Number of protein chains: 2
Amino acid sequence: MVAVGERIRLSDVALRAGVSVATASKALNGTGRMTPETRQRVQRVADELGFRPNAMARALISRRTFTVGLLTNDTYGRFTLPVMAGVSEALVDEGVSVFLCSIEDDPALGRVHLDAMLDKQVDGIISTGKRIDKRLPVDLSGLPVPVVYAFTQAPDDAVTLVSDDAQGAREACQWLVGLGRTNIVHITGPETFVSARDRAGAFREVLGERGRVLHGEWSETWGHQAIARLWDEKRARPDGIFCGNDQIARGVIDALRERGVQVPSDVSVVGFDNWEILAAATRPPLTSVDMNLKALGREAGRLILALSEGKQLEPGIRKLPCSLVVRQSCGGLTAD
Amino acid sequence: MVAVGERIRLSDVALRAGVSVATASKALNGTGRMTPETRQRVQRVADELGFRPNAMARALISRRTFTVGLLTNDTYGRFTLPVMAGVSEALVDEGVSVFLCSIEDDPALGRVHLDAMLDKQVDGIISTGKRIDKRLPVDLSGLPVPVVYAFTQAPDDAVTLVSDDAQGAREACQWLVGLGRTNIVHITGPETFVSARDRAGAFREVLGERGRVLHGEWSETWGHQAIARLWDEKRARPDGIFCGNDQIARGVIDALRERGVQVPSDVSVVGFDNWEILAAATRPPLTSVDMNLKALGREAGRLILALSEGKQLEPGIRKLPCSLVVRQSCGGLTAD
DNA sequence: TTGAAAGCGCTAACAC
DNA sequence: GTGTTAGCGCTTTCAA
């Protein structure tokens with residue numbers, strides 16, 4: 001139930017320590033000049049009383065609230081969550097707290113949240129989403145606070161953080177090639193997604209003429225369908241498949257098993273997203289590209305902190321590297 | 001980039017409207033007495049200037065920050081996310097913002113976040129987790145602000161919100177029974193989980209002697225294993241399976257298909273969690289129990305709001321109903 | 001009907 | 001060394 005511990009003010013500490021409020025303030029902040037004894041006495045009293053300065057009052061003076069807002073439209077998503085965790089992680093040590101604002105895709109809700117944050121004098125705003133080629137339905141230009149965009153589309157002159165899809169895809173492809181696979185196919189999501197295009201581009205770059213790309217949905221079902229198509233053709237069948245996400249990969253692997261094709265001995269499969277719970281549940285466990293979204297979140301936190309401290313940052317898109325997480329779906333190094 | 005729109009203060013409005021700060025304040029807050037003309041003029045000026053009151057300054061006076069903290073240890077989880085969304089949704093209309101504090105399972109981190117929130121004078125704290133039978137590693141007793149626990153274990157005298165596992169399980173079982181299934185088995189997670197025990201208890205309650213429970217892991221693999229065990233036995237095989245979560249159900253359905261058993265015509269399967277992305281991907285799509293976590297989050301938001309406004313609430317555990325989401329894995333009403 | 005003044009909890013000049 | 005004073009942006013008596 002509601003425990004009503006009275007809050008201790010600086011004046012309480014000052015009174016009890018027999019000094020003025022100003023002296024108490026200086027004592028605790030390590031500023032001003034006074035005898036070591038006085039300082040220590042004040043500190044001791046503050047500890048005894050469990051004094052914690054009121055951040056509101058401080059903020060009113062310093063014009064810094066040590067608070068940032070995090071806007072997201074990805075309520076249920078596996079993308080935003082690690083980003084948020086990263087942001088929170090990077091900022092907590094600096095005493096900065098994060099306002100979570102989930103705005104769905106509702107411009108009105110976005111406005112409400114934005115206003116609430118601005119009223120609360122956040123030091124900065126991080127905008128994050130579930131696609132790097134869609135904007136949130138809020139206009140964040142001309143705000144009195146800095147903004148960082150992470151894993152969402154942003155204006156050209158903004159500071160933006162995204163994962164390096166092309167590099168991640170390249171690593172996956174090179175891994176398959178390095179394993180001796182020669183007939184490699186890329187099964188991925190709709191061409192309308194920049195991520196799909198970027199990954200496919202990198203795939204073609206590595207594979208050249210040999211590389212074949214199949215666009216479909218981001219779903220298990222599409223994985224099944226794609227395999228059905230490939231296996232029904234009269235052509236040579238692939239010995240390596242790079243999938244646009246883990247769900248497709250899951251469908252692919254299941255479809256291959258249903259056809260008696262062995263993974264990884266007959267075909268190597270790589271996924272994308274490294275969605276732990278899915279990647280670990282495929283049989284065999286899925287080798288997959290991890291976008292390192294938590295690291296991306298941490299970087300977003302660092303950047304917004306720098307900006308809120310008045311530092312200048314070069315605008316533009318910063319791509320953060322992905323990394324390949326090797327499990328058993330490719331054979332080779334960790335063949336089972 | 002950093003756009004540096006100067007913030008408008010009340011004094012700016014007052015000056016421009018030709019009144020005192022006090023009058024301006026009253027005009028905008030609808031308090032005090034003055035001619036309608038004065039009030040309107042002030043309001044018009046405030047609108048023109050885009051004045052928004054500084055919430056810090058207000059908070060300093062009113063002792064309410066319109067801010068609550070949300071503690072969670074479920075960084076990647078599908079449980080906490082809907083809860084958070086619900087909390088945020090319930091509170092945004094009241095002008096309350098939510099601090100997101102992801103503390104993993106680290107007591108030190110919990111302490112740091114808690115202190116940060118308290119310093120920032122949150123009006124209340126919501127504690128949430130991924131299991132209803134584990135506590136977060138932070139002591140929230142004796143705080144100067146109210147606390148609500150949602151989907152996590154709590155002290156006896158706390159206000160706690162959990163989903164009604166037993167009721168959800170009961171609905172699932174009755175659904176299977178209503179479909180004419182007579183030999184029903186419950187395949188679920190470890191008995192060490194209260195949720196597993198509660199669901200199994202409800203299952204036995206509905207099925208009586210006929211009900212058989214198999215405990216294992218919360219994984220697809222366990223779903224496969226359980227089916228292997230059941231189908232290798234010399235006993236009559238089940239025609240209805242109630243699974244402890246959707247992952248197990250996924251494993252069960254896949255295992256059944258591998259054995260040529262038809263779902264739902266031969267066997268009806270129900271899952272638990274209604275984890276959209278999984279439930280929709282099973283073939284056929286999975287009928288599953290939804291814990292309505294977003295609604296739970298909303299309720300948590302309402303409760304913390306009530307408490308922070310000084311209302312008294314009966315301590316104890318409040319169970320919120322689950323609901324069955326019918327897809328195609330059971331046949332009957334929506335048979336395919 | 002309006003405004004001057006005090007004060008929320010704290011920090012920072014500037015006296016003493 | 002320490003205290004007095006002013007002020008962050010706002011609300012709220014209380015006096016005019």
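Predicted model: local features only at pLDDT ≥ 70, side-chain atom pairs only at ≥ 80, totals over all residues.
## The interface between the chains

The size of an interface is often given as the accessible area lost when the parts come together. Here chain B and chain A bury about 5800 Å² between them, with 57% of that area on carbon and sulfur atoms. The contact draws on 67 residues from chain B and 67 residues from chain A. Between the two chains there are ten salt bridges, and 24 residue pairs are in polar contact across the interface, with both residues of each pair at pLDDT 80 or more. On the side of chain B that touches chain A, the elements giving two or more residues are helix 4 (55–62), helix 5 (80–92), strand 2 (97–102), helix 6 (107–119), helix 9 (220–232), helix 10 (246–258) and helix 12 (293–308) of chain B. Helix 6 of chain B gives the most to this side, contributing seven residues. Sorted by class, the side of chain B that touches chain A consists of 36 nonpolar, 16 polar and 15 charged residues.

## Salt bridges between and within chains

Over all chains, a search of the whole structure finds 48 salt bridges. Four of the pairs are set out below, with the distance between nitrogen and oxygen for each.

| Pair | N to O distance |
|---|---|
| B:Asp119 and A:Arg52 | 2.8 Å |
| B:Glu258 and A:Arg283 | 2.9 Å |
| A:Glu89 and A:Arg298 | 3.1 Å |
| B:Asp123 and B:Arg64 | 3.9 Å |

The salt bridge between B:Asp119 and A:Arg52 crosses between chains, running from helix 6 of chain B to the loop between helix 3 (36–49) and helix 4 (55–62) of chain A.

Within chain A, the salt bridge between A:Glu89 and A:Arg298 links distant parts of the chain, with A:Glu89 in helix 5 (residues 80–92) and A:Arg298 in helix 12 (residues 293–308), 209 residues apart. A:Glu89 is partly exposed, with a relative accessible area of 32%, and A:Arg298 likewise counts as partly exposed, at 26% relative accessibility.

Within chain B, the salt bridge between B:Asp123 and B:Arg64 has one partner in each of two loops: B:Asp123 lies between helix 6 and strand 3 (124–128), and B:Arg64 lies between helix 4 and strand 1 (67–72), so the pair ties together parts that are 59 residues apart in sequence. B:Asp123 is buried, its relative accessible area being 8%.

Salt bridges that share partners also join A:Glu220, A:Arg250, A:Asp254, A:Arg257, B:Glu220, B:Arg250, B:Asp254 and B:Arg257 into one network. One member of that network, B:Glu220, is found in helix 9 of chain B and is buried, with a relative accessible area of 8%. Leaving aside residues up to four places away in sequence, B:Glu220 touches A:Arg250 and A:Ala281, together with B:Gln247, B:Ile248, B:Arg250, B:Gly251 and B:Asp254.

## Buried strands of chain B

Strand 9 (residues 268–272) of chain B has five of its five residues buried, so this strand is largely enclosed by the rest of the structure. B:Ser268, B:Val270 and B:Phe272 point one way from strand 9, while B:Val269 and B:Gly271 point the other way, and all are buried. Three bridges join strand 8 (residues 240–243) of chain B to strand 9 of chain B, and these strands run parallel; B:Gly240 has B:Ser268 in strand 9 as its bridge partner.

B:Ser288, which lies in strand 10 (residues 287–290) of chain B, is buried, with a relative accessible area of 0%. Its side chain makes a polar contact with the side chain of B:Asp246 at 2.7 Å, and the side chain of B:Ser288 also reaches the backbone oxygen of B:Gly271 at 3.4 Å. When residues up to four places away in sequence are not counted, the residues that B:Ser288 touches include B:Val270, B:Gly271 and B:Phe272, as well as B:Asp273, B:Asn274 and B:Arg327.

Terms used
Residues numbered from 1 in each chain as written. Chains lettered and ligands numbered in written order. Heavy atoms only, no water. Contact = heavy atoms within 4.5 Å. Buried area = accessible area lost by both parts, 1.4 Å probe. Salt bridge = Lys/Arg side-chain N within 4 Å of Asp/Glu carboxyl O. Polar contact = N/O pair within 3.5 Å; in protein donor to acceptor, adjacent residues only side chain to side chain. Helix = DSSP H or I, 4+ residues; strand = E, 2+ residues; numbered from the N terminus. Nonpolar A, V, L, I, M, F, W, Y, C, P; charged D, E, K, R; others polar. Buried < 20%, exposed > 50% of the residue type's maximum accessible area, 1.4 Å probe, protein only. Pairing = 2+ DSSP bridges.
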